[in-house]
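Hello,

Here is the structure I promised to pass on to you. Have a look at it first, and then read on for what I found in it.

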Amino acid sequence: MDPIRLDARFQRGVELFNAASWYEAHDVLEELWHETADPDRRVLQGLIQVAVAHVHLERGNRKGATILLGEGLGRLTGRALPDFGLDLDQLRSRVSVRLQALQQDEDPASCPVPVLLDLP
């Protein structure tokens, strides 16, 4: 099994992300991110950026949220990226829908919230 997935900080970060505790998820995942190298680092940074985008949304900063959702989506897209046992396709889909809503000046709250699900 992937060492990142086994790390207690990663597991805690996933729990916090799924509980929409965005800032706390960011903190936990960032600690792990500092210790990793690409391509693991790229995926962790994408998850962190999605979490921070939601912090911006909570604070009413739509522009910051749009930028970070776009950057996070970009980091989570590519060939041969590790998935840490997570369904990154589902995550990318939800992030993309929220990003499109923001870009079209619609309310992203009407879109499904991104979650980190295990691969089927």
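Before the details, a word on the labels: helices here are DSSP runs of H or I with at least four residues, numbered from the N terminus. Please also keep in mind that this is a predicted model.

With those labels, Phe84 sits in the loop between H5 and H6. Phe84 has a positive phi of about 55° even though it is not a glycine. Is Phe84 buried or exposed? With a relative accessible area of 1%, Phe84 is buried.

At 63% relative accessibility, however, Asp105 counts as exposed.

Now to the helix packing. Two packed helices are described by the angle between their axes and the distance between the axes. For helix H2 (residues 8–18) and helix H3 (residues 22–33), the axes come within 8 Å and cross at roughly 160°. An angle over 145 degrees counts as roughly antiparallel, so H2 is roughly antiparallel to H3. The crossing of H2 past H3 is left-handed. On the H2 side, the residues in contact are Arg9, Phe10, Arg12, Gly13, Leu16 and Phe17, and they meet Trp22, Glu24, Ala25, Val28, Leu29, Glu31 and Leu32 in H3. Sorted by class, this contact of H2 with H3 holds eight nonpolar, one polar and four charged residues.

The axes of H3 and helix H4 (residues 40–58) come within 9 Å and cross at roughly 160°, which makes H3 roughly antiparallel to H4. H3 passes H4 in a left-handed crossing. From H3, the contact is made by Trp22, Tyr23, His26, Leu29, Glu30, Leu32 and Trp33, while H4 brings Arg41, Leu44, Gln45, Leu47, Ile48, Ala51, Val52, His54, Val55 and Glu58. By class, the contact of H3 with H4 has 11 nonpolar, three polar and three charged residues.

Pro39 is found in the loop between H3 and H4, and a cis peptide bond joins Asp38 and Pro39, with omega at about 5°.

H4 itself has 19 residues and reaches 28 Å from its first C-alpha to its last, close to the 27 Å expected at 1.5 Å a residue. Which residues of H4 are buried? They are Val43, Leu44, Gly46, Leu47, Ile48, Gln49, Val50, Ala51, Val52, Ala53, His54 and Val55. What covers the buried residues of H4 includes helix H1 (3–6), H2, H3, helix H5 (62–75) and helix H6 (88–103). Just after H4, Gly60 takes a positive phi of about 80°.

Lastly, a residue back in helix H2: Gln11. Gln11 is partly exposed, with a relative accessible area of 39%. Leaving aside neighbours within four places in sequence, Gln11 is in contact with Arg5 and Leu6. Gln11 and Thr77 are 66 residues apart along the chain, and their C-alpha atoms are separated by 22 Å.

Happy to go through any of this with you.

Best wishes

Terms used
Residues are numbered from 1 along each chain as its sequence is written. This is a predicted model: local features need pLDDT of at least 70, side-chain atom pairs count only at pLDDT 80 or more; totals for chains, interfaces and linings use all residues. Side-chain values use heavy atoms; hydrogens and water are left out. Axes are lines fitted to C-alpha atoms, for helices over the stretch in contact, and angles run from 0 to 180 degrees between N-to-C directions. Helices (H or I, at least four residues) and strands (E, at least two) are DSSP runs, numbered from the N terminus. Angles under 35 degrees count as roughly parallel, over 145 as roughly antiparallel, 65 to 115 as roughly perpendicular and the rest as oblique. A crossing is left-handed if the near helix is turned anticlockwise from the far one by less than a right angle, and right-handed if clockwise. Contact means heavy atoms within 4.5 Å. Ala, Val, Leu, Ile, Met, Phe, Trp, Tyr, Cys and Pro count as nonpolar, Asp, Glu, Lys and Arg as charged, and the others, Gly among them, as polar. The expected span of a helix is 1.5 Å times one less than its number of residues. Buried means under 20% relative accessible area, exposed over 50%, partly exposed in between (1.4 Å probe, protein chains only).
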